[in-house]
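Dear colleague,

Please find below the structure that I promised to hand over. A summary of the findings follows it, and I would be grateful for your reading of both.

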Amino acid sequence: MNRTHLIIATFCALALIGSRAHAQTWQPSRGHEQTPIWPGTPPDAQANPKPESVVTTSHLVAGRHYMAVLNVSRPTMTMYAPHGKNTGAAVVVLPGGGFNSLAIDLEGTETCDWLTAKGITCVLLKYRVPSAPYDSHCDCYPDDFATSTPSLEDLQRTMGLVRLHAKEWHVDPTKIGVLGYSAGGYLAAEISTRYKQRLYAPIDDADKQSARPNFSVLVYPGHLAPKDDELNPNVPVSGDTPPTFIVQAENATVDPVRESLVYYTALAKAGVPAELHIFAKGGHAFGLRPTADRVTHWPALVETWLATIDMITK
């Protein structure tokens with residue numbers, strides 16, 4: 001069983017057996033509005049997509065269930081304004097889910113709650129899943145290291161939209177980063193290394209803006225190392241890759257620790273400022289819910305790092 005099959009099997013066990021399904025699409029909390037990121041049909045749109053739905057998983061993280069969004073064909077972004085003093089920084093948040101679902105609260109809204117409390121604007125991206133070629137409905141993907149085309153298109157578009165709206169949202173356009181979990185961590189690495197060329201034909205002024213993040217946070221990322229010492233060629237690290245923070249648990253079986261080690265090594269060789277934290281315990285998909293595992297206190301490390309690279313002041 002390859003990595004994608006493992007994630008799909010794990011998700012099915014956690015989300016579909018004993019879960020509570022909801023027919024409606026995911027909606028943000030009161031006072032927040034989803035904005036479609038494409039003015040019409042997205043590029044590389046899936047033919048005859050299944051309707052979007054939300055399930056509450058039977059799996060517990062820190063004693064609580066979490067929600068997963070399935071079959072996203074109309075991607076949106078939701079902006080969460082900072083509380084208190086605005087640092088001017090903004091983060092586009094990318095939930096994980098193996099490119100087949102989105103852990104929308106565990107790795108999405110809860111992250112925005114943390115960031116906005118620290119004076120950072122949060123933009124939650126509900127990107128398209130399944131994202132070809134990672135589609136659990138067929139055995140058609142070539143391997144676990146291909147480009148996640150629709151989701152990367154969504155992220156490239158979103159980075160342009162955030163910069164286009166920076167003045168309106170009181171965001172410093174030189175302090176816009178990304179933060180991704182698991183598959184979303186791979187997506188963060190993709191945008192950090194493949195921001196120069198859009199995967200789609202430009203549409204409007206948003207696509208004239210730079211898609212390069214000013215910083216990148218990868219939380220238990222996957223898809224980065226096909227072999228122990230080999231970097232996925234779809235994330236071509238260079239000296240222009242933005243400063244990067246990586247955190248992972250050594251005992252993770254899904255997205256093993258080599259993913260982070262290989263990517264960090266490539267960053268170091270390219271002279272990219274980077275910070276790597278490997279914890280002995282924690283497994284996978286812990287989000288930022290605090291438990292007895294020390295790895296769950298990683299948000300404080302990110303805050304210090306953001307101050308170190310002059311994105312915020314502490």
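Helices and strands here are DSSP runs, of at least four residues for helices and at least two for strands, numbered from the N terminus. With that convention, P130 falls in the loop between β8 and α3. Please bear in mind throughout that this is a predicted model.

The peptide bond between V129 and P130 is cis, with omega at about -5 degrees. The loop that holds P130 also contains R128, a residue that takes part in salt bridges with E153 and D154.

Salt bridges

The whole structure contains 11 salt bridges. One of them pairs E153 with R128, and their closest N and O atoms are 3.2 Å apart. This pair connects distant parts of the chain, since E153 belongs to helix α3 (residues 149-164) while R128 sits in the loop between β8 (121-126) and α3, a separation of 25 residues. E153 has a relative accessible area of 0% and is therefore buried; R128, at 4% relative accessibility, also counts as buried.

R128 forms a further salt bridge with D154, where the closest N and O atoms lie 2.9 Å apart. Here too distant parts of the chain are linked, with D154 in helix α3 and R128 in the loop between β8 and α3, 26 residues apart. D154 and R128 are both buried.

Another salt bridge joins D204 to R157, with 2.7 Å between the closest N and O atoms. D204 is in the loop between α4 (183-193) and β10, whereas R157 is in helix α3, so this pair ties together parts that are 47 residues apart in sequence. Through shared partners, salt bridges join R157, R198, D204 and D207 into one network.

Packing of α3 and α4

How do α3 and α4 pack? Their axes are 10 Å apart and meet at an angle of about 60 degrees. The two helices are therefore oblique to each other, and their crossing is right-handed. On the α3 side the contacts involve S151, L152, L155, Q156 and M159, which meet L187, E190 and I191 of α4.

The surroundings of T241

T241 is located in the loop between β10 (215-219) and β11 (244-249). Its relative accessibility is 3%, so T241 counts as buried. A polar atom of the T241 side chain lies 3.0 Å from the backbone nitrogen of S238. Leaving aside residues up to four places away in sequence, T241 touches S192, T193, R212, Y263, L267 and V272.

Positive phi values

Two residues deserve a note on backbone geometry. N71, a residue other than glycine, has a positive phi near 55 degrees. N71 is placed in the loop between β4 (67-70) and β5 (76-80) and, at 14% relative accessibility, counts as buried. S182 is likewise not a glycine and has a positive phi of about 55 degrees. S182 occurs in the loop between β9 (176-181) and α4, and its relative accessible area of 5% makes it buried.

With kind regards

How values were computed. Residues are numbered from 1 along each chain as its sequence is written. This is a predicted model: local features need pLDDT of at least 70, side-chain atom pairs count only at pLDDT 80 or more; totals for chains, interfaces and linings use all residues. Side-chain values use heavy atoms; hydrogens and water are left out. Buried means under 20% relative accessible area, exposed over 50%, partly exposed in between (1.4 Å probe, protein chains only). A polar contact is a pair of N or O atoms within 3.5 Å; within protein, one must be able to donate a hydrogen and the other to accept it, and residues adjacent in sequence count only if both atoms are side-chain atoms. Contact means heavy atoms within 4.5 Å. A salt bridge is a side-chain nitrogen of Lys or Arg within 4 Å of a carboxyl oxygen of Asp or Glu. Axes are lines fitted to C-alpha atoms, for helices over the stretch in contact, and angles run from 0 to 180 degrees between N-to-C directions. Angles under 35 degrees count as roughly parallel, over 145 as roughly antiparallel, 65 to 115 as roughly perpendicular and the rest as oblique. A crossing is left-handed if the near helix is turned anticlockwise from the far one by less than a right angle, and right-handed if clockwise.
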